[in-house]
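Biologist: Could we walk through this model together, one question at a time? I would like to follow how each answer is reached.

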Amino acid sequence: RVVPFLITPSTSHTLIKPIMTLIFAVNAGSSSLKACVLNGAGHILSFEAERLCTSDSVLHVEDENGNTNDIEEANLDHERSLKRILSQLKEKQLLDLLVAVGHRVVHGGSTFKGSVVIDEDSLDKMEQVSHLA
């Protein structure tokens, strides 16, 4: 595992500080969108947009300390939910620290039994098992 470092000048010596690296995980359902930002110790932010495309849709935001914030917005859909989430990450200066993004696939049959890198081959195979979803 490679850990990126930031070297900063100091008056007496050079300081070497590890840069936090984060993973963004997403799970899009038919009427919800769940996402979280993870570091090595666990989640630092989690999001759950529910009741999407209804008059009472809401985006729940929770930080690593359990502090919550609910953003109510009528007819919030998947795209706008994701935009709200990415906006929160940018506001908290976390967006540029993301090193990977993962998305849950509903059912991979016998073809997908673990994590895979998304490329042309894996996209073709996902299409072949999409009837299982």
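This is a predicted model: local features need pLDDT of at least 70, side-chain atom pairs count only at pLDDT 80 or more; totals for chains, interfaces and linings use all residues.

Biologist: Is Cys-53 buried or exposed?

Modeller: The scale goes like this: buried means under 20% relative accessible area, exposed over 50%, and partly exposed in between, with a 1.4 Å probe and protein chains only. Phi of Cys-53 is near 65°, a positive value in a residue other than glycine. With a relative accessible area of 51%, Cys-53 is exposed.

Biologist: And how does Asn-75 count on that scale?

Modeller: Asn-75 is placed in the loop between E7 and H1. Its phi is positive too, near 60°, in a residue other than glycine. The relative accessibility of Asn-75 is 43%, so Asn-75 counts as partly exposed.

Biologist: Which pattern does the protein chain follow along the sequence?

Modeller: Helices (H or I, at least four residues) and strands (E, at least two) are DSSP runs, numbered from the N terminus. The protein chain has 2 helices and 8 strands. Read along the sequence, they give β-β-β-β-β-β-β-α-β-α.

Biologist: How many bridges join E4 to E5?

Modeller: Strand E4 covers residues 32–39 and strand E5 residues 42–50, and the two run antiparallel. They form a hairpin with 2 residues between them. Ala-35 stands opposite Phe-47 in E5, and the bridge partner of Val-37 in E5 is Leu-45. The number of bridges joining E4 to E5 is 8.

Biologist: Which residue in E5 is the bridge partner of Cys-36?

Modeller: Let us come in from E3, which a hairpin joins to E4 through 3 residues. E3 and E4 run antiparallel, joined by 6 bridges, and Ala-25 stands opposite Cys-36 in E4. In E5, the bridge partner of Cys-36 is Ser-46.

Biologist: Which residue in E6 does Ala-49 stand opposite?

Modeller: Ala-49 lies in strand E5, and 6 bridges join E5 to E6, which run antiparallel. At 0% relative accessibility, Ala-49 counts as buried. Leaving aside neighbours within four places in sequence, its contacts are Ser-31, Ser-32, Leu-33, Val-58, Leu-59 and Ser-81. The residue opposite Ala-49 in E6 is Leu-59.

Biologist: About how much space lies in the largest pocket?

Modeller: On a 1 Å grid over the protein atoms alone, a pocket is an open set of points where a 1.4 Å probe fits, with protein on both sides within 12 Å along at least five of seven lines; lining residues have an atom within 4 Å of a point. Grid points are joined across faces, edges and corners, and a volume is the space filled by probe spheres set on the points. Of the 14 lining residues, the closest to the centre are His-103, Val-105, Gly-114, Ser-115 and Val-116. The space in the largest pocket is about 330 Å³.

Biologist: Which element gives the most to the lining of the largest pocket?

Modeller: The lining divides into 6 nonpolar, 6 polar and 2 charged residues. Here Ala, Val, Leu, Ile, Met, Phe, Trp, Tyr, Cys and Pro count as nonpolar, Asp, Glu, Lys and Arg as charged, and the others, Gly among them, as polar. With 3 residues, the element that gives the most is E8.

Definitions and conventions: Residues are numbered from 1 along each chain as its sequence is written. Side-chain values use heavy atoms; hydrogens and water are left out. Two strands pair if DSSP finds at least two bridges between them. Contact means heavy atoms within 4.5 Å.
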